Amino acid sequence: MTDKHFGGAKIALLCGNSVLTYQRDDKPDIPWPGCWDLPGGGRENEETPLQCVQRETLEEFGLRIAAGQVRHQQRYEGIFAGYPPTWFMLGEITPQQIAAIRFGDEGQRWQMMTLDRFIHHPQGISHLQQRLAEHLQR
């Protein structure tokens, strides 16, 4: 996939009925402080959406995600006026990958959260919750 005009990518990594999440730092100068988030982030250089998610997941969790683990990718318009488009992906991780997680220096903590809990969590990032719920209904 070639998309030269996007700002970043997020991925919902599922294992059974759970999704890999992390609680963002509680700093007033970052978007969504203290909220529960999914792996991913801003694009660097000329990355593709998949390369962006792979790099971010490695940085944030110490996990290497193979292209074959990603089962769905969708482009979304920016969530605010003037923001660039972003990508949302759905993928699978194994129990062995979960056991190998080495949480990076961004965020307060991570956890495998049930899908229902993440989708309805009052401290979840609403557009990611909505996107995950939409994709699970397909």
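Me: To start with the pocket lining, how does it divide into nonpolar, polar and charged residues?
Reply: This is a predicted model. In it, the lining of the largest pocket divides into 13 nonpolar, nine polar and nine charged residues.

Me: And how much space lies in that pocket?
Reply: The largest pocket holds about 600 Å³ of space. It is lined by 31 residues, and those closest to its centre are K10, R24, P31, W32 and G41.

Me: How many bridges does β1 have with β6, and in which sense do the two pair?
Reply: There are seven bridges between β1 and β6, and the pairing is parallel. One of the residues involved is L13, whose bridge partner in β6 is G91.

Me: What about β4?
Reply: β4 runs antiparallel to β1, and three bridges join the two. Within this pairing, G8 stands opposite G42 of β4.

Me: And how do β1 and β2 run, parallel or antiparallel?
Reply: They run antiparallel and are joined by two bridges. L14 stands opposite V19 in β2. The two strands form a hairpin with two residues between them, and G16 in the turn has a positive phi of about 65°.

Me: Changing topic: which residues have the most contacts inside the largest nonpolar core?
Reply: They are L20 and M89, in a core of 18 residues. β1, β2 (18-23), α1 (49-61) and β6 each supply at least two residues of this core. The most comes from α1, which gives four residues.

Me: Which residues does M89 touch, leaving out those up to four places away in sequence?
Reply: M89 touches A9, K10, I11 and A12, then P49, L50 and V53, and also V70, H72 and Q73. One of these, K10, is also among the residues closest to the centre of the largest pocket.

Me: What other core lies apart from the largest one?
Reply: Another core, of 17 residues, lies apart from it, and its members include L14, C35, F88 and L115. L14 is the residue that stands opposite V19 in β2.

Technical notes
Residues are numbered from 1 along each chain as its sequence is written. This is a predicted model: local features need pLDDT of at least 70, side-chain atom pairs count only at pLDDT 80 or more; totals for chains, interfaces and linings use all residues. Side-chain values use heavy atoms; hydrogens and water are left out. On a 1 Å grid over the protein atoms alone, a cavity is a set of points where a 1.4 Å probe fits but cannot get out, and a pocket is an open set with protein on both sides within 12 Å along at least five of seven lines; lining residues have an atom within 4 Å of a point. Grid points are joined across faces, edges and corners, and a volume is the space filled by probe spheres set on the points. Ala, Val, Leu, Ile, Met, Phe, Trp, Tyr, Cys and Pro count as nonpolar, Asp, Glu, Lys and Arg as charged, and the others, Gly among them, as polar. A nonpolar core is a set of buried Ala, Val, Leu, Ile, Met, Phe, Trp, Tyr and Cys residues joined through side-chain atoms within 4.5 Å. Buried means under 20% relative accessible area, exposed over 50%, partly exposed in between (1.4 Å probe, protein chains only). Contact means heavy atoms within 4.5 Å. Two strands pair if DSSP finds at least two bridges between them.
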